[in-house]
Amino acid sequence: MISNKLCEKYLHVKILDVKILGCSLNVMDIIDRMNEKWHEVRPDLDPGPLEVVGRVLVLAQYLERSVNEALAKHDLSLGQFDILATMRRRGKLTPTQLMESVMLSSGGMTNRLDRLEEAGLIRREADPEDRRGVVVGLTRKGRELIDHATESRFAEAKASLPSLGAREMRELAGLLRTWLEQAEVKSQK
């Protein structure tokens, strides 16, 4: 039998600090360690919200790096992928429609479209509904590239998921959906 005194000691294992409490292992991640230090230096503040927000931000960094590595095999950035994937899903669009779909400024969109057109992945054409405007569509080369890149992107997303059961994954997706909906409402105010 392990004594309670021993169970309360810290183990320092390479990168992770593992805290033994009540003879069960609780892995402390970067957010736990950060919050523990905040509690020591600023006990008047509640670091509780960082347990969620901090982890989401750290996960976003890991996920973005993983996505960029998967798309680099196709010589695409995430921004370029978003534009091409939007056109693949929706067909020909005006630059304004694209800009709203991928949340870019008009200058940023023009720059990306110029580079994609130079690479032969998209084509600008006169808008049949507005003589002053243009629509943007995929070329054959662009469609082939986005189809292959999308397969890589979906495989990367699957590989990035945590090892959770089906019920837990549905719960997580639902909670994240609720949070995203609330964030979108806040951003529109």
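These are my notebook entries on one protein chain, looked up in a predicted model.

**Entry 1: the whole chain**

I began with the overall make-up. The protein chain has eight helices and five strands. I then read the elements off from the N terminus, and they run α-β-β-β-α-α-α-α-α-β-β-α-α. Next I looked up burial. Of the 189 residues in the chain, 22% are buried.

**Entry 2**

I turned to helix packing. Two packed helices are described by the angle between their axes and the distance between the axes.

How does α4 pack with α7? The angle is about 110°, and the axes are 10 Å apart. That makes α4 roughly perpendicular to α7, because angles of 65 to 115 degrees count as roughly perpendicular. I listed the residues that meet. From α4 they are F81, L84, A85 and R88. From α7 they are R143, L145, I146, D147, A149, T150 and R153. I sorted this contact by class and found six nonpolar, one polar and four charged residues.

I then checked α4 against α6. Here the angle is about 80°, with 11 Å between the axes. So α4 is roughly perpendicular to α6 as well. On the α4 side, the contact uses G79, Q80, I83 and L84. On the α6 side, M109, R112, L113, R115 and L116 take part. The classes here are five nonpolar, two polar and two charged.

**Entry 2: Q80**

I picked one residue from that contact. Q80 sits in helix α4. Is Q80 buried or exposed? Q80 has a relative accessible area of 15%, so Q80 is buried, since buried means under 20%. I left aside neighbours within four places in sequence and looked at what Q80 touches. The contacts of Q80 are D75, R112, R115 and L116.

**Entry 3: D75**

D75 was on that list, so I looked it up next. The cut-off for exposed is over 50%.

**Entry 4: α5 and α6**

I went on to the pair α5 and α6. Helix α5 covers residues 95-102, and helix α6 covers residues 106-118. They pack at about 110°, with axes 10 Å apart. That makes α5 roughly perpendicular to α6. P95, L98, M99 and V102 of α5 make the contact with S106, M109 and L113 of α6. By class I noted six nonpolar residues, one polar residue and no charged residues.

**Entry 5: L93**

I then looked in the loop between α4 and α5, where L93 is placed. L93 has a relative accessible area of 4%, so L93 is buried. Which residues does L93 touch, not counting residues up to four places away in sequence? They are T86, L98, V134, V135 and V136. L93 and V135 are 42 residues apart in sequence, but their C-alpha atoms are 5.1 Å apart in space.

**Entry 6: the pockets**

I finished with the pockets. How much space lies in the largest pocket? I noted about 640 Å³. Its lining has 20 residues, and those nearest its centre are L59, L63, P162, L172 and L176. Three helices each supply at least two lining residues: α3 (50-72), α7 (140-160) and α8 (166-187). The largest share, eight residues, comes from α3. I sorted this lining by class: 15 nonpolar, one polar and four charged residues.

The second largest pocket has a volume of about 290 Å³. I listed its lining as A60, E64, L78, V102, M103, R153 and L180. Five of these count as nonpolar, none as polar and two as charged. Two names were already in my notes. R153 is in the contact of α7 with α4, and V102 is in the contact of α5 with α6.

Note on methods
Residues numbered from 1 in each chain as written. Predicted model: local features only at pLDDT ≥ 70, side-chain atom pairs only at ≥ 80, totals over all residues. Heavy atoms only, no water. 1 Å grid on protein atoms, 1.4 Å probe; cavity = no way out; pocket = protein on both sides within 12 Å on 5 of 7 lines; lining within 4 Å. Points joined across faces, edges and corners; volume = space filled by probe spheres on them. Helix = DSSP H or I, 4+ residues; strand = E, 2+ residues; numbered from the N terminus. Nonpolar A, V, L, I, M, F, W, Y, C, P; charged D, E, K, R; others polar. Axes fitted to C-alpha atoms, helices over the stretch in contact; angles between N-to-C directions. Parallel < 35°, antiparallel > 145°, perpendicular 65-115°, else oblique. Contact = heavy atoms within 4.5 Å. Buried < 20%, exposed > 50% of the residue type's maximum accessible area, 1.4 Å probe, protein only.
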